[in-house]
Amino acid sequence: ASGRVPRYRLEDFVVGEANRLVFMTAERFVEEASQHGLAQLFIYGGCGVGKTHLLNGIAARFREQHPHSRVACVTAEMFANEFIGAVQHKKLEAFRRRYRGLDLLCVDDMQFIAGKTKTQSELLHAIEGLDLAHARLVMASDEHPKRIDRLCKRLVSRCVSGMVAKLDVPERALRARLAQRLASQRGLALEANAADVVADTCAGSVRDIEGAVV
């Protein structure tokens, strides 16, 4: 493992009413990793509400608490590209071994593999391997699994077999705090009234808030 500080950490996640329950679930997921606790989590919500932050934060915290564990944090697009490459270069068994030996698999942007039948089948194969090894699984998507068009029934069923948690759009108070945090990361001190203006102007995602701060 490298000595780099992860870009996304649970400690840096700004918590408010819109995301408190999901954040607490994410922390519980990691804390119970060594017990017979929550083994699967699916996080969904609109663009820019914190799904990727939580997914990567879970992976980073898990690595910290279990230094010798094997963790993979990928997007569904990365998984699909790796799978296609493995098939083309006749390295499918090596690809499968990599995912079979994990302690934690995090897959972001699940909506990307909608309609990709072979990739969905291969992901199911990987998930079944995790089950046999009593490993853990976290997934994220823009939509509830049942609302992702062209996702096969077996994969939808698998996605909803654990905890399913929704991230809502940040409320006004959270948007103001996010504006101040994003400004601070850029070395700027944002006054409270300026943060309020940003919060009132940007009622959407964190990316909208970041754009306003920039």
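Student: Is Glu31 buried, partly exposed or exposed in this structure?
Tutor: In this predicted model, the relative accessible area of Glu31 comes to 42%. A residue counts as buried under 20% and as exposed over 50%, with the class in between called partly exposed. Because 42% falls in that middle range, Glu31 is classed as partly exposed.

Student: With which residue does Arg61 form a salt bridge?
Tutor: The criterion asks for a side-chain nitrogen of Lys or Arg within 4 Å of a carboxyl oxygen of Asp or Glu. For Arg61, the closest N and O atoms of the pair are 3.7 Å apart, and the partner is Glu31.
The pair links distant parts of the chain, 30 residues apart, with Arg61 in helix 2 (residues 51-65) and its partner in helix 1 (residues 20-31), namely Glu31.

Student: Is Arg61 buried or exposed?
Tutor: The relative accessible area of Arg61 is 11%. Since the cut-off for the buried class is under 20%, Arg61 is assigned to that class, which is to say buried.

Student: What is the N to O distance in the salt bridge between Arg154 and Glu128?
Tutor: Arg154 is exposed, at 52% relative accessible area, whereas Glu128 is partly exposed, at 37%. Their side chains meet in a salt bridge, for which the N to O distance is 2.8 Å.

Student: How many residues apart are Arg154 and Glu128, given that the pair links distant parts of the chain?
Tutor: The salt bridge between these two side chains joins two helices, since Arg154 belongs to helix 6 (residues 153-159) and Glu128 to helix 5 (residues 117-132).

Student: Which residue meets Asp168 in a salt bridge?
Tutor: Asp168 is partly exposed, with a relative accessible area of 36%, and the N to O distance of its salt bridge is 3.7 Å. The partner is likewise described as partly exposed, at 46%, and that partner is Lys166.

Student: Leaving aside its neighbours within four places in sequence, with which residues is Arg28 in contact?
Tutor: Arg28 lies in helix 1 and counts as partly exposed, at 39% relative accessibility. Once neighbours within four places are set aside, the contacts of Arg28 are Leu38 and Met163.

Technical notes:
Residues numbered from 1 in each chain as written. Predicted model: local features only at pLDDT ≥ 70, side-chain atom pairs only at ≥ 80, totals over all residues. Heavy atoms only, no water. Helix = DSSP H or I, 4+ residues; strand = E, 2+ residues; numbered from the N terminus. Buried < 20%, exposed > 50% of the residue type's maximum accessible area, 1.4 Å probe, protein only. Contact = heavy atoms within 4.5 Å.
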